[in-house]
Amino acid sequence: MDIDLSQFSQVFFEESLEGLSKMESELLAIDIDNFDQESINTIFRAAHSIKGGSATFGFTEVANFTHLLETLLDEIREQIRPMQPQHVEMLLASVDVIRNMIDALMKDQAFNDPALAPLMKQFEQALAQPSNDNIATDNSAANKVQSPNDISMSETTPPDTGLDPNLALWQIDFSAGEDILRCGNDPIYMFTELAELGQLKVTLKDVAYPDVDEYEAEVCYLQWRLLLLTDTSLSRIKEVFEWVESECDIQFTQLERNAETDAQFISPFDAKALKEANKHASEETFVHKDAPTPNLTESQSALEPFNSFDMSSALAEAFEQQNQPSPQAFPIEQIETKTADEQADQIKQVETNQTLTSNTTAVSTASEQPNTSVVARPTSRSTDINQSSIRVNIEKVDQLINMVGELVITQAMLGQIGQQETINQETLITLRLGLEQLASHTRELQENVMQIRMMPISFAFNRFPRLVHDISLQLGKKVDLVLSGEETELDKTVMEKIVDPLVHLVRNSLDHGIEVPEQRRTLGKPESGTIKLNAFHRGGNIIIEIIDDGAGLNTDKILSIARKKGLVADNEHLNTEEIHQLIFKPGFSTADNVSGLSGRGVGMDVVKRNITELNGDINLSSTPGKGSHMTIRLPLTLAILDGQLVRVGDHVYVVPLMSIHESLQVSERQINDLGKDQQGHRQEVIHLREEFIPIVKVFEQFNHQADAKNIEKGIVMIVDCNNKKVGLLVDELLSQQQVVIKNLEVNYTKTPGISGATILGNGEVALIIDVISLTHLSGIGHHKEHAA
Amino acid sequence: MDVSHQQSQATQGDVNQQYLTFIMGPEEYGVEILSVQEIRGWQKTTAIPNAPEYVKGVINLRGNVVPIIDLRQRFGLNELSYGPTTVVIVVKVKLEKNSKIIGIVVDAVSDVIIVDDKNLRPTPDFGLDTDVRFIKGLTSLSDKMVIILDVHKLLGNEVLPSAQQLSSIIEQLEIPTV
């Protein structure tokens with residue numbers, strides 16, 4: 001009975017975050033003067049499900065706040081209130097607040113956002129403004145805008161927004177079959193489900209009770225008339241009764257709405273219930289109030305609906321009724337007393353149950369969970385809440401299952417061959433065939449598993465419309481953001497790590513790149529600048545481009561600042577390319593004013609470092625006055641790497657193929673000796689096609705024995721290290737192959753010069769060389785290239 | 001030897017704990033059996049560059065890259081050559097946030113013993129300079145002394161005494177039994 005809700009909260013968090021992004025993108029797309037009704041609906045639905053979910057899980061803060069949003073959205077949706085520009089801004093701000101709330105919940109921290117209170121006030125004010133529409137004059141009293149106190153009211157009994165005129169009224173006459181309870185179909189569940197569809201009013205119809213001697217507890221003698229005010233279709237309503245259709249007599253009739261029928265939903269009792277609802281969690285309290293005659297079965301049945309709602313008040317009512325003289329002849333007092341006792345027991349039990357299962361209660365009432373009820377937030381949530389998870393298309397999973405099925409078949413086939421006594425030509429052929437199949441299945445399986453980690457880059461791109469919207473507003477610039485290639489897929493881990501660098505680059509483009517409208521006009525450019533984000537696959541890489549049509553990089557300024565900061569020596573001459581690279585140096589900033597956005601000089605170096613850590617690189621080209629073009633190249637996945645196996649003495653290492661320019665043998669006359677460094681290692685450079693390339697002797701750095709101690713004896717691999725060439729001296733080149741990257745730090749610690757490990761075909765572990773860190777280890781990275 | 005009146009070190013959980021004991025040089029050591037994942041023979045390792053001498057390298061343990069540590073060398077004993085009978089005990093070391101799987105090379109696995117925590121003598125004090133938390137306690141088995149190690153502290157990332165210090169600690173531990 002007691003369900004641990006916390007296991008689902010992760011799903012709620014994810015769905016909510018998704019919902020929030022959807023809200024955000026729709027909000028940004030809204031054109032105030034001419035907006036699409038459907039987009040309002042989308043926003044409303046997202047807000048609605050966040051509210052429902054948060055109430056279910058007992059995150060009352062979120063639920064209360066989202067309720068405000070929902071109320072406003074609902075009024076806009078129903079065209080009671082026109083959409084205003086400030087509404088959009090408010091809603092956007094609240095998306096942020098809710099996101100922070102959910103973040104806090106995920107981390108199990110207390111939520112404390114100063115933006116919340118003023119925003120709530122804004123919403124309340126907005127809602128308090130009279131709507132200029134008088135559609136529902138009939139219910140004008142009920143149509144009053146919600147006062148802040150009523151926010152906490154539950155949804156199915158909106159306190160006083162009254163009844164939506166667009167809702168249909170359905171009358172359902174439901175005579176339960178005698179066996180319905182025996183089949184485990186308790187009508188209460190159906191009613192609860194109906195109550196989720198709209199406003200439900202349940203009345204008990206005349207009941208043909210048998211003589212008390214023949215009364216059987218397991219037989220259901222009851223008939224109900226249900227009135228349902230809803231916007232759902234008949235088929236959806238019928239679905240509720242799907243399981244009992246055959247054994248019960250059910251009639252559906254749509255009734256005309258009029259003041260009288262509506263009044264049933266706002267009965268005096270209802271008003272009373274509403275008052276109580278602030279204290280309790282009462283829902284369809286009017287169920288039994290309207291029941292014709294209280295008697296044994298009925299008061300018991302009346303009990304049932306309250307199981308999941310407000311027990312104490314319901315029971316009190318039930319007792320009241322029992323103490324009333326029953327109009328129907330029901331003479332046996334003992335029974336009444338007994339039931340009273342039973343009920344007293346039940347109360348106790350239920351009360352204990354209620355305290356014990358307050359969370360479960362929240363489940364069963366789902367979206368109707370009243371916000372005021374104090375549902376203890378699960379305090380001991382599972383510890384793996386911070387583990388990231390991934391939502392996978394079911395199709396991808398099915399493919400995997402197929403693949404595994406194939407593998408099993410192949411394995412069985414190979415197993416059969418293995419059991420044969422003799423191996424002849426024929427079995428050999430089957431064996432080869434089987435192995436071939438195995439190879440192809442394994443490859444496919446690998447590809448498919450990799451696919452699971454792949455997500456479209458739109459997950460990263462989606463935040464940019466908002467970012468650009470906010471920042472351009474703040475800077476007084478006009479910017480159009482163009483996104484393309486959003487469906488390009490890349491590894492989830494890569495995606496998560498690339499978001500921050502991307503944000504930084506886009507911010508930089510906005511802040512430094514795009515000029516203010518006046519300046520653009522004088523330059524003969526369109527007033528609105530354009531920032532283009534583009535993604536596509538090329539080879540085993542994903543390319544992300546950030547293109548702006550702003551001012552471009554000012555090379556003179558960059559150079560003079562770099563000289564001032566001592567990043568470049570005064571007499572040093574740099575070409576344009578090298579000057580562009582300067583912006584990636586730590587501590588570099590060209591901004592005249594340090595703003596909140598950028599200009600502190602931490603950033604581009606971090607961007608560069610993050611990208612390099614992902615085994616990617618970033619390139620920049622820029623034309624003054626025309627704009628800049630950044631190209632980020634990233635591997636599709638962090639899990640697999642194209643590697644070159646090399647041998648150093650007895651040791652095999654893997655060098656990422658991506659970083660290798662070429663491998664060659666050098667002759668003695670190409671080598672220039674620069675003397676010894678502090679460690680006593682000889683520093684040498686090779687002269688290769690007008691370039692001097694420093695050499696890192698891998699065996700020296702790793703303290704291994706090697707065959708080739710001198711450069712001319714071994715093989716020099718020219719690799720790329722932070723856009724500079726470095727030669728690695730190894731003994732021998734072995735094969736090239738794709739390797740699965742294993743983290744060395746999982747069980748060991750970070751090792752300089754090594755980025756990870758992999759397992760070779762023979763089952764042995766080979767370490768993967770991290771070129772940059774190896775070069776650092778050798779000390780070459782600290783110096784500038786020494787020209788001979 | 002009557003140790004029942006000795007104050008037991010604070011431990012959690014069951015009072016009776018099972019320990020896997022192993023022999024290394026002249027001493028017998030024990031580790032909590034629950035932290036032991038498996039016992040396997042020595043296999044060739046892949047050396048990790050610039051690692052301490054006692055880190056013999058990493059092996060592939062069913063897809064996991066697991067470092068192998070020679071406990072002899074870690075404890076400042078002389079190195080022995082490895083053969084097919086050399087035993088590697090694979091233990092799961094719990095750290096603050098995660099856990100690591102590490103293999104330790106020992107001379108031979110000896111026994112599984114059940115020790116009541118009450119019978120676990122605390123480690124003698126070696127002065128402020130020496131951190132002996134990696135020793136959970138001492139216990140005697142017939143007339144042998146078994147040094148119960150806390151693998152989590154021993155193999156975790158904490159700063160441990162150097163191999164020389166360790167070897168002297170263990171030498172001093174011998175004194176009570178002799």
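Two residues are in contact if their C-beta atoms, placed from the backbone, lie within 7 Å. The exercises below apply this to a predicted model.

**Exercise 1. Determine which residues join helix 3 and helix 5 of chain A, and how the two helices are oriented.**

*Solution.* Step 1 identifies the partners. From helix 3 of chain A come F65(A), L68(A), T71(A) and L72(A), and they meet L116(A), M120(A), F123(A), A126(A) and L127(A) of helix 5 of chain A. Step 2 sorts these residues by class: the contact holds eight nonpolar residues, one polar residue and no charged residue.

Step 3 turns to geometry. Two packed helices are described by the angle between their axes and the distance between the axes. Helix 3 spans residues 60-77 of chain A and helix 5 spans residues 116-128; their axes lie 10 Å apart at an angle of about 30°. Angles under 35 degrees count as roughly parallel, and helix 3 of chain A and helix 5 of chain A are therefore roughly parallel to each other. Their crossing is left-handed.

**Exercise 2. Decide whether T66(A) is buried or exposed, and identify its contacts beyond four places in sequence.**

*Solution.* Step 1 places the residue: T66(A) belongs to helix 3 of chain A. Step 2 applies the cut-off, by which a residue is buried if 20 or more other C-beta atoms lie within 10 Å of its own. T66(A) has 29 C-beta neighbours inside 10 Å and therefore counts as buried. Step 3 sets aside neighbours within four places in sequence; T66(A) is then in contact with A47(A), I50(A), K51(A), S54(A) and I98(A).

**Exercise 3. Characterise the packing of helix 18 against helix 19 of chain A.**

*Solution.* Step 1 gives the geometry. The axes of helix 18 (residues 464-475) and helix 19 (residues 492-513) of chain A come within 10 Å and cross at roughly 30°. The two helices are therefore roughly parallel to each other, and their crossing is right-handed. Step 2 lists the residues in contact: helix 18 of chain A contributes F464(A), L467(A), V468(A), I471(A), S472(A) and L475(A), while helix 19 of chain A contributes V503(A), V506(A), R507(A), L510(A) and D511(A). Step 3 assigns the classes, namely eight nonpolar, one polar and two charged residues.

**Exercise 4. Locate the residues with the most contacts inside the largest nonpolar core.**

*Solution.* Step 1: the largest nonpolar core has 79 residues, and those with the most contacts inside it are L728(A), V58(B), I104(B) and L149(B). Step 2: beyond four places in sequence, L728(A) is in contact with V696(A), V698(A), V716(A), M717(A) and V719(A). Step 3: a second, separate core of 38 residues includes V506(A), A535(A), I558(A) and A562(A).

**Exercise 5. Describe chain B and the side of it that touches chain A.**

*Solution.* Step 1: chain B comprises three helices and ten strands, in the order β-β-β-β-β-α-β-β-β-β-β-α-α along the sequence. Of its 178 residues, 33% count as buried. Step 2: 16 residues of chain B are in contact with 18 residues of chain A. Strand 4 (55-61), strand 5 (64-70) and strand 7 (99-106) of chain B each supply at least two residues of the side that touches chain A. The largest share, four residues, comes from strand 5 of chain B. Step 3: this side of chain B has ten nonpolar, five polar and one charged residues.

How values were computed: Residues numbered from 1 in each chain as written. Chains lettered and ligands numbered in written order. Predicted model: local features only at pLDDT ≥ 70, side-chain atom pairs only at ≥ 80, totals over all residues. Axes fitted to C-alpha atoms, helices over the stretch in contact; angles between N-to-C directions. Parallel < 35°, antiparallel > 145°, perpendicular 65-115°, else oblique. Left-handed = near helix turned anticlockwise from the far one by under 90°. Nonpolar A, V, L, I, M, F, W, Y, C, P; charged D, E, K, R; others polar. Buried ≥ 20, exposed ≤ 12 C-beta atoms within 10 Å, placed from the backbone. Core = buried A, V, L, I, M, F, W, Y, C linked by C-beta atoms within 7 Å.
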